[in-house]
Amino acid sequence: MSSMLARDIFDLTVEHLFLVGLSMGIAAAVAIPVGILLTRRMFLQRWVLGFANVMQTVPSLALFGFLIPLPFLGGIGKHTAIVALVLYALLPILRNTLTGILGVDPTVRESAIAMGMTERQLLVEVELPLATRTILAGLRIATVTTIGTATIAAAIGGGGLGVFIFRGLASVDTTLLLAGAVPAALIAVAADRGLEWVEQKLSPV
Amino acid sequence: MTDGHVSPLVSFRQVSAHVGQKNILHDLSFDVEAGETLVLLGRSGSGKTTALKMVNGLLLPSAGEVSIEGVPTTAWDLIRLRRRIGYVIQEAGLFPHFTVAANVGLVPRLEGWQVPDVDARVQDLLAQIGLPPTQFTTRYPRELSGGQRQRVGIARALAANPPLLLLDEPFGALDPVTRVELQHMFIDLRDKLGKTALLVTHDVREALLLGTRIGVLHSGRLVFLGGRSEFLKAQDEEVRAFHTCLEEKWEDSI
């Protein structure tokens, strides 16, 4: 019985990590380039940040609820959960990409331009390296939040450690509840520490 | 030397600049001839930095024309133009994530020099600016003193061997002793390498020390342009305001 539980914990943990990993991958692939674009097209900032802001403000269970009736994106299952998690993760990554790049010392940016760097060289050789730390901090915040939010994904059939939590709640079974809650909390702490370490390592300054 | 007409290295023709409603420069005309150091002297807000930034196309004139080697900045490929002009600013503007060697070697690298050539150039320049390469190539800007950073800034500006240097208050943030050391280093290098320079400062002593000619900007207008002795004799009100900064100590030393 207990080995069954252990296997279930393992399987759901893997599923949870998959949900978080995939969502973060998509969110980063969208939010970092969009964040860079926003530093070049300032007038878009209000709209894009506004959208991301609203997404983050909607309570997570409500957001899952909104997505279910939507065609293509919605329905019951993992993909709906991933769409919601991506929408949640956008804002911190977007905002930190923007702050990181705009926070580069203007005299450094000016001398890069004065040395004859192209737009691309300025971005790749100066702005992104100097913004790395801030962007990674955004990824870290988003990841830790997503690990928590992903537990709610079980409510719409997304799987993951939330399955235990909801089952435990329904059957008033503390063991089951903890079987979901403890690993989820541990993953979150580990991710926070791990990404913080990466931040320190990769930071060029 | 042939005596065919050579267009001045830098030429301002009726240049005006406004930012919004505010006029920064009015009808500015002057040349910088090859080999000279022209110092633009002026108070804060006189428009001198704006004028400097028009030379390498960081800013473009609202009216009039700035020409480099006879070609208006609006017609230059700005990337190419900037790589032919060394640029030094007050806090050096070094890249904090690049080592000293990477900072100095930047423009040669952008210009596609071979790695060994870049390295050799960096070694040579560091030696020339008085920073032993063995100690300094791998350091980061934050590990340098203000004076050392400024030396690196000058080396970086010289790296691709540009004919022209632009310097915006290059020694303004340094303590007086370091400032004088760097001013003399600059004079030595400039004379040895035969560089043309356009330098902006609010320090009248610096203008007299470094300038082969001095231009005085006041509220965006060029109110004086001439050599040192003419400057010291000039009667323009703004030039005389700068004379008063000199009076006590300068008279002692004469």
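This is a predicted model: local features need pLDDT of at least 70, side-chain atom pairs count only at pLDDT 80 or more; totals for chains, interfaces and linings use all residues.
Which are the buried residues of α8(A)? The legends below take up this and other close-up views.

View 1. Residues are numbered from 1 along each chain as its sequence is written, chains are lettered from A in the order in which they are written, and side-chain values use heavy atoms, with hydrogens and water left out. The buried residues of α8(A) are A:L176, A:A179, A:G180, A:P183, A:A184, A:I187, A:A188, A:A191 and A:E199, where buried means under 20% relative accessible area, exposed over 50% and partly exposed in between (1.4 Å probe, protein chains only). Helices (H or I, at least four residues) and strands (E, at least two) are DSSP runs, numbered from the N terminus. An α-helix has 3.6 residues a turn, so residues three or four places apart point the same way. Among the elements that cover these buried residues are α1 (2–40), α6 (119–149) and α7 (162–170) of chain A, contact being heavy atoms within 4.5 Å.

**View 2. Length and start of helix α8 of chain A.** The 29 residues of α8 (residues 174–202) should span 42 Å at 1.5 Å a residue, and the end C-alpha atoms are 41 Å apart, which agrees; the expected span is 1.5 Å times one less than the number of residues. At the start of α8(A), the backbone nitrogen of A:T175 has a side-chain oxygen of A:D173 within 3.0 Å.

**View 3. Positive phi values in chain B.** Most residues other than glycine have a negative phi. B:Q14, which is not a glycine, has a positive phi of about 45 degrees and is found in strand β1 (residues 10–19) of chain B. B:E69, also a residue other than glycine, has a positive phi near 50 degrees; B:E69 is found in the loop between β4 (63–68) and β5 (71–72) of chain B, and counts as partly exposed because its relative accessibility is 30%.

**View 4. The contact between chain B and chain A.** The contact takes 21 residues from chain B and 18 residues from chain A. There are 2 salt bridges between the chains, each a side-chain nitrogen of Lys or Arg within 4 Å of a carboxyl oxygen of Asp or Glu. One of them joins B:R109 to A:E125, with the closest N and O atoms 2.6 Å apart. On the side of chain B that touches chain A, two or more residues come from each of α2 (78–83), β6 (85–88) and α4 (106–110) of chain B, and α4(B) gives the largest share, 4 residues.

Terms used. A polar contact is a pair of N or O atoms within 3.5 Å; within protein, one must be able to donate a hydrogen and the other to accept it, and residues adjacent in sequence count only if both atoms are side-chain atoms.
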